[in-house]
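Have a go at each task before reading its solution.

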Amino acid sequence: MISLTVTAVVFGVVFLAELPDKTALAGLVLGTRYRASYVFAGVAAAFAVHVALAVAAGSVLTLLPQQLVHAVTGVLFLGGAAMLLLKKDEDEEEIRKPEDQSFWKVAGAGFMLILVAEFGDLTQIMTANLAARYDDPLSVGLGAVLALWAVAGLGIVGGQALMKRVPLKLITRIAALLMLGLGVWSLWEAVAG
């Protein structure tokens with residue numbers, strides 16, 4: 001039986017913790033370039049995996065080597081920044097056509113980015129701790145996954161709305177710089193940690 005109280009508490013805590021995190025930015029970046037539904041499918045699947053792991057493993061996730069997670073995340077963000085900066089300019093109308101990117105390619109990119117970037121993240125550890133505290137894995141899991149999906153959806157929709165008002169070239173440059181910054185920050189955390 002699912003407890004609506006536990007689900008609501010977990011949703012609120014995880015939503016507020018994840019909102020200023022890199023997930024919203026990643027969703028926004030992917031949402032400017034690809035079909036929103038494809039991006040959301042990949043991101044949602046990755047978050048479902050994260051929540052399942054957190055709930056199943058409980059607080060064991062806090063023992064994972066954070067330096068390795070930060071290093072891999074940093075490399076992925078730097079790779080994404082390089083791809084954006086080195087990519088030739090594209091016609092904005094071509095980008096908006098869904099047939100330009102296959103579902104599996106876009107969803108897979110969103111899945112992999114979130115799967116690696118969020119592994120061992122604060123909200124995953126928080127979800128594990130909440131699962132241990134409430135001893136109600138279904139309610140905790142439901143609240144956490146709904147919160148993460150909501151944050152990702154806000155980021156993706158924000159990216160789609162931004163593309164209608166700002167030139168794609170400018171969005172791409174800003175996204176690349178943000179990803180570069182996140183990559184350097186993640187690598188710094190790996191070295192300093």
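**Exercise 1. Find where aspartate 136 sits, and decide whether it is buried or exposed.**

Step 1: Aspartate 136 is in the loop between α7 (122-134) and α8 (137-165); helices here are DSSP runs of H or I with at least four residues, numbered from the N terminus. This is a predicted model, where local features need pLDDT of at least 70, side-chain atom pairs count only at pLDDT 80 or more, and totals for chains, interfaces and linings use all residues. Residues are numbered from 1 along each chain as its sequence is written, and side-chain values use heavy atoms, with hydrogens and water left out.

Step 2: check accessibility. Aspartate 136 counts as buried because its relative accessibility is 15% (buried is under 20% relative accessible area, exposed over 50%, partly exposed in between, with a 1.4 Å probe and protein chains only).

Step 3: list its partners. Skipping neighbours within four places in sequence, aspartate 136 touches Met1, Ser3, Val6 and Ala131 (contact means heavy atoms within 4.5 Å).

**Exercise 2. Check the span of helix α6 and pick out its buried residues.**

Step 1: α6 covers residues 103-117, 15 residues in total, and runs 21 Å from its first C-alpha to its last.

Step 2: that is close to the 21 Å expected at 1.5 Å a residue, where the expected span is 1.5 Å times one less than the number of residues.

Step 3: the buried residues in α6 are Val106, Ala107, Gly110, Leu113, Ile114, Leu115, Val116 and Ala117.

**Exercise 3. Work out where confidence is lowest and where it is highest.**

Step 1: start with the average. The protein has a mean pLDDT of 77, and 75% of the residues score at least 70 (pLDDT is the predictor's confidence in each residue, from 0 to 100).

Step 2: Helix α5 (residues 92-96) is lowest, with a mean of 45, while helix α3 (residues 36-57) is highest, at 88.

Step 3: look at residues 90-98. Their pLDDT stays under 50, and the model gives them 16 contacts beyond four places in sequence. Where pLDDT is low, the predicted coordinates should not be read in detail.

**Exercise 4. Describe the aromatic pair made by phenylalanine 11 and phenylalanine 15.**

Step 1: count. The whole structure has four aromatic pairs (ring centres of Phe, Tyr and Trp, using its six-membered ring, lie within 6.5 Å; planes under 30 degrees apart are stacked, over 60 edge-to-face, the rest tilted).

Step 2: phenylalanine 11 and phenylalanine 15 are stacked, 5.6 Å centre to centre with 15° between the planes.

Step 3: both lie in helix α1 (residues 4-18), four residues apart, about one turn.

Definitions and conventions:
Helix = DSSP H or I, 4+ residues; strand = E, 2+ residues; numbered from the N terminus.
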